Amino acid sequence: MNLICRPLLQGIMAYWDEVPNTAVYTIKLFINEKIISRKTNERTELYCSFNGLAPIDGTTYSVIPRGGSVSIGGYRGPSHSGLDYYVQIEAEDRNGKILEQSEKVKCSVKTL
């Protein structure tokens, strides 16, 4: 199953190819390996959006000393936080059997 994810302002848009004989699609949003949201779409809806998300990929800053002494204004950043959003889709038939499952696709969130 081909899954495509695009950043939205404070969110993520996911869309995918139709899988024949699917009754419902289950869309899972992860932070690394932890599921933070699960949605169910009818077979005719081949897209899903997650809104109200904060960027977690590369937004940490830290103050560090320059030349071995503490200096106001010395900084390093942005550095990767170690956390990323991922989306995965499962296509299920009427009996709840998983027909097809996408890979987990890494996603990002757009900010101003």
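How many helices and how many strands does the secondary structure of the chain come to? The chain has 0 helices and 10 strands, where helices (H or I, at least four residues) and strands (E, at least two) are DSSP runs numbered from the N terminus. Welcome to a predicted model, in which local features need pLDDT of at least 70, side-chain atom pairs count only at pLDDT 80 or more, and totals for chains, interfaces and linings use all residues. Residues are numbered from 1 along each chain as its sequence is written, and side-chain values use heavy atoms, with hydrogens and water left out.

**The chain as a whole**

- Read from the N terminus, the elements run β-β-β-β-β-β-β-β-β-β.
- The chain has 112 residues, of which 30% count as buried; buried means under 20% relative accessible area, exposed means over 50%, and partly exposed lies in between (1.4 Å probe, protein chains only).
- Among contacts between residues at least 6 apart in sequence, 53% join residues at least 24 apart, a contact being heavy atoms within 4.5 Å.

**The open sheet of E1, E2 and E5**

- Here 3 strands form an open sheet in the order E1-E2-E5, with antiparallel pairing; two strands pair if DSSP finds at least two bridges between them.
- Strand E1 (3-8) and strand E5 (47-51) stand at the edges with a single partner strand each, so one side of each is left without a neighbour in the sheet.
- On average, neighbouring strands of this sheet are turned by 15 degrees against each other, direction ignored; the axes are lines fitted to C-alpha atoms, for helices over the stretch in contact, and angles run from 0 to 180 degrees between N-to-C directions.
- E1 and strand E2 (residues 11-16) run antiparallel and are joined by 6 bridges.
- Two places to look at along this pairing are Cys5, whose bridge partner in E2 is Ala14, and Arg6, which stands opposite Met13 in E2.
- The hairpin of E1 and E2 has 2 residues between the strands, and Gln10 takes a positive phi near 55 degrees there.
- As background, strands of a sheet pair through backbone hydrogen bonds, either parallel or antiparallel.

- Strand E3 (residues 24-31) pairs with E4 in the antiparallel sense over 8 bridges.
- Thr26 has Thr40 in E4 as its bridge partner.
- Between E3 and E4 the hairpin has 2 residues, and Asn32 in the turn has a positive phi of about 55 degrees.
- Val24 is found in strand E3, and its C-alpha atom is separated by 6.6 Å from that of Thr40, 16 residues apart along the chain.
- Leaving aside neighbours within four places in sequence, Val24 is in contact with Thr40, Asn41, Glu90, Ala91 and Glu92.
- Arg38 has its place in strand E4 (residues 34-42) and is exposed, with a relative accessible area of 53%.
- With neighbours within four places in sequence left aside, Arg38 is in contact with Thr26, Ile27 and Lys28; the C-alpha atoms of Arg38 and Ile27 are separated by 5.7 Å, at 11 residues apart along the chain.

- Strand E8 (residues 85-92) and strand E9 (residues 98-101) run antiparallel, joined by 3 bridges.
- Glu90 stands opposite Gln101 in E9.
- This hairpin has 5 residues between E8 and E9, and Gly96 in the turn has a positive phi of about 85 degrees.

**Positive phi in the loops**

- Most residues other than glycine have a negative phi, and most peptide bonds are trans.
- Asn21, in the loop between E2 and E3, has a positive phi near 65 degrees without being a glycine; Asn21 is exposed, with a relative accessible area of 70%.
- Asn32 is found in the loop between E3 and E4 and is partly exposed, with a relative accessible area of 23%.

**A charge over two rings**

- The charged end of Lys104 sits over the ring of Phe30, 4.3 Å from its centre; a charge sits over a ring if NZ of Lys or CZ of Arg is within 6 Å of the ring centre and within 35 degrees of the ring normal.
- Lys104 also lies over the face of Tyr86, at 5.2 Å from the ring centre.
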